[in-house]
Amino acid sequence: MKTDELREKYLAFFETKGHKRCPSDVLVPTWDPSVLFTPAGMNQFKDHFLGKVKLEFTRATTCQKCLRTGDIDNVGRTAYHHTFFEMLGNFSFGDYFKREAINWAWEFLTDKKWLGLPADRLTVTVYTDDDEAAGIWQKDVGLVPNRIERCEEDENFWPASAPSQGPDGVCGPCSEIYYHPEGSKSVEIWNLVFTQFNRVGSPPNNLRPLPSKNIDTGMGLERCASTLQGVPTNYHIDILMPIVQAAAEVCGTKYEYESDNGRRLRRITDHVRACTFAVHENVYPGANKEKYVVKRLLRRAVLDGHQMGMRQPFLHKLVPVVAEMMKRPYPELGETVKRVSGVIEKEEANFFGTIDAGLNHIDRVFSDMRRDNRVTVDGKVAAELYQTYGVPPELFESLAAEHNLAFDWQGYERAMEQHGEASGKVQHAVMGTRGPVDSLKQALHATEFLGYETTDADAIVKGIIAGTTPNDHLCDKMDEVSHTNAVRVVLDRTPFYGESGGQVGDSGKLVGDGFEFVVTDTQKDGGLTIHHGHLARGVMREGAKVRAVVDANRRAGIRRAHSATHVLHYALQKNLGSHAQQQGSKVDEDWLRFDFTNLSPVSAEQLAAISADVAKQVAAAAPVKWETLPLAEARKQGAMMLFGEKYPDPVRMVSMGTFSKELCGGTHLTNTGEIAHFEIVSEEGISAGTRRITALTGAKAAEHVNQIQSAVQEAAKLLGSLPHEIVEAATGLMNRAKELRKQLSGGGAGGAKPPAAKKVATKGATPPFEQLKQVLAEVGRQLSVAVLAVPQRLEALKNEVIALEKQLTERTAAGPLNGETLLKSAEQVGDVTVVVCEVPGVDGNLMRQLIDQVRAKTPSSAVLLASRQGDDKVTLVAGISKDLQTRKLSAGEWIRPVAAAVGGGGGGRPDMAQAGGKEPAKLPEALQIAKDTIRKMIAN
């Protein structure tokens, strides 16, 4: 039986048993902070199991794409381990229980209409105390007792060992079904989990029956397919073997099952499939969390290729094969092959650029350890290797294990924390916590949202939560807590929008009889809307009637910004390509941040074109409409669907004119003209392959335009140029400052010709303001400051040039300055040549050079030079020869009282010391102190 046929048969079977077929959840469930990747089929139904949502169905079946890395070292080595896999499952939310789950599992496995496995090759296990499940297997199914094995809690309880070791929460026994192929090891093909308890505290008597019992089963698709297809490993099934063979072809080697290269090719197959799905969902290789997992998997696969002789990127060539093998259940993979291949190729190239040096360094580490008889790899060394060569610590650990060496994970984590980095670790699903919000979820399920139609409405207080987690609690009236404490309020209905989809939560007030509650933020937790804030006056009680009033002006600014993100998304795809998909956003009052996929920076010309396209749609005042419709219908109408995003069914589709259709739950304008103004403030990279645009709308955008125009005019005035010529003028000023510094440091006026000013391309169709904005942005780039800080930086640079020119004039007036001219003013103190003098227009760097010249020309010398740096600064540098150091003289000790005389301080090494002061008028007195001090030091 083909794998695609098995998947479809499973889902169809449970549909005949009254189950709703649900699509796979996304691979990266951003809505669930307890996991990085979806680890099991039940993950998307956690709130269903816990009774926190209103149930629209009580039976469900899915084929869930999952990713786990807990057993990554076994991938490729064993027959059945994967990182990415598909999990078939059927679920009951307080509906059927053990009898139906067991009988249906047996029917699906053995009935010739479905899988038709021989019943005499199947055995089962049950939890040691689960007589109910054992009885059903024996009496209903007809299994004899010796085919029913009872196992302890570490094998047949979920979570494993929960009764004795925890964690607290929902748990239950499980029953596993094993297939025994002829002449081979038995294989677990199905696990039936009976969630019937709530664990509270330590044993004994800590398993309390749940009021509603649930079913959660899991059948590994690949493992079951390998059983049906009679192959020795999951990697030989019909959807994986072609990828293994393609990998062998790309790597120029023959696939042999038992060989080291065979294991490497299976691991490459697994990892490239996992990364294809992850990158498809816009999870790119990076330093943290799920991005780090993708990076780690890719680099592990690159190492496997490297060990087979590969020295150039090769994994990306397998992406089309993965998409082809998985196209029946996941046809959307075919739409992103080019983008996914490009991202993977770039990460491969990065690692191939450092892998040889990294492996050589590892070999030296191992050699040193053998020499010193050490058996544990230093975690600090591993951290340095990761930061320098990009070798993931897990990879280093695997290589160490091959040499029978342990790995210091604690030392590694400490070293990485010092550098502000942390790697991602994939957790197992957590069934949730129990707190006041969870209690309200079970009671209310959801808050009715009225905010699409209005910004004020009547409502009833359904819950008041005081304090912060874990000490928060429900209270029936507000006077039980201080007005300044953290307070959350839940209503039965609300016009307040809870933060979600990138849009920030609303603010406003809840007004009741004799009280007023100020809402500072609104959040969502499942179906509940949570109003955060404080009581301004009076006493608020649970059950009180309130008038919920949103800050309408702020909401209007948020709507402008949110609608603008849709227009911006359209303009990005038009100008950069369909790959420029949203990767994240934040929308606030007339301010937006939009992250999108693009492997290179957006040029000034492209940004100008994007801004122009947005302005065009704003000017068109295109109508904005929204409707709720089935997901399939929205897809049919061409709504943009972001890969890796979880959508409800039905969905809310927001349309703008004929140019944009997106699925979105946010609040929007009625036409694009209401955006009024749109201005891009910045464009920057935030991670590999992800760019970020920050922009303004409405009054803030108009204000920004005025600020830009003022900054250009001010810059032009400072530079004495026309506004459109400030790039050339600023470049000239920067080059002048650079040349003056070079001359004053003793470098002379020669050298390479300064770089020419970058010409800002301007087209006839470019609006004058856009041209000026580009010009100012280029000056900001050259000066390394934000655009609005350009005038301030230019003024400082102009003042610096004036000061440098004054120093150079003073320097020129003083005549030639070198070691020989300084020796003309020298004083002989015993056998020591002493030079103490002022050197006009000289910086600290040149002073040190002059001191070195004097020391080179004399056998024993002490030199202290001083220079005024403007009207309020003095620089002092002192140096002594080596023979005086052996006599315990110190340049630092010499310079200290001199610096004090000019209102400063400083010090340094015995041979050379630098100090400063802020009273140039006292310099003559300070130089006399310098002479007196060195005489005493020499005499002693």
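**Reading the model**

Guide: In the protein chain, 67% of the contacts between residues at least 6 apart in sequence join residues at least 24 apart, where contact means heavy atoms within 4.5 Å. This is a predicted model, in which local features need pLDDT of at least 70 and side-chain atom pairs count only at pLDDT 80 or more, while totals for chains, interfaces and linings use all residues. Residues are numbered from 1 along each chain as its sequence is written, and side-chain values use heavy atoms, with hydrogens and water left out.

Visitor: How many helices and strands does the protein chain have?

Guide: Helices (H or I, at least four residues) and strands (E, at least two) are DSSP runs, numbered from the N terminus. The protein chain has 28 helices and 33 strands. Its C-alpha trace spans about 115 × 75 × 60 Å along the principal axes.

Visitor: What percentage of the residues count as buried?

Guide: Buried means under 20% relative accessible area, exposed over 50%, and partly exposed in between (1.4 Å probe, protein chains only). Of the 940 residues of the protein chain, 52% count as buried.

Visitor: Which side chain of opposite charge is nearest to R266?

Guide: For charge, Lys and Arg count as positive and Asp and Glu as negative, whereas His and the chain ends are not counted. A salt bridge is a side-chain nitrogen of Lys or Arg within 4 Å of a carboxyl oxygen of Asp or Glu. R266 belongs to helix α8, residues 260-280. R266 is buried but has no salt bridge, and E258, the nearest side chain of opposite charge, is 6.5 Å away. Neighbours within four places in sequence aside, R266 is in contact with G76, T233, Y235, Y255 and Y257.

Visitor: Why does N598 count as buried?

Guide: N598 counts as buried because its relative accessibility is 7%. N598 is placed in the loop between β22 (591-597) and α18 (604-620).

Visitor: Which side chain is joined to that of N598 by a polar contact?

Guide: A polar contact is a pair of N or O atoms within 3.5 Å; within protein, one must be able to donate a hydrogen and the other to accept it, and residues adjacent in sequence count only if both atoms are side-chain atoms. The side chain of N598 is joined to that of H579 by a polar contact of 2.6 Å. A polar atom of the N598 side chain also lies 2.8 Å from the backbone oxygen of S600. Not counting residues up to four places away in sequence, N598 touches L576, H579, G689, T690 and R691.

Visitor: Which residues line the largest cavity?

Guide: Rolling a probe the size of a water molecule over the atoms shows where empty space is left. On a 1 Å grid over the protein atoms alone, a cavity is a set of points where a 1.4 Å probe fits but cannot get out, and lining residues have an atom within 4 Å of a point. Grid points are joined across faces, edges and corners, and a volume is the space filled by probe spheres set on the points. The largest cavity has a volume of about 70 Å³. Its lining residues include Y284, K346, L599 and G689.

Visitor: Is S161 buried or exposed?

Guide: S161 counts as buried because its relative accessibility is 10%. The phi of S161 is near 60°, a positive value in a residue other than glycine.

Key: On a 1 Å grid over the protein atoms alone, a cavity is a set of points where a 1.4 Å probe fits but cannot get out, and a pocket is an open set with protein on both sides within 12 Å along at least five of seven lines; lining residues have an atom within 4 Å of a point.
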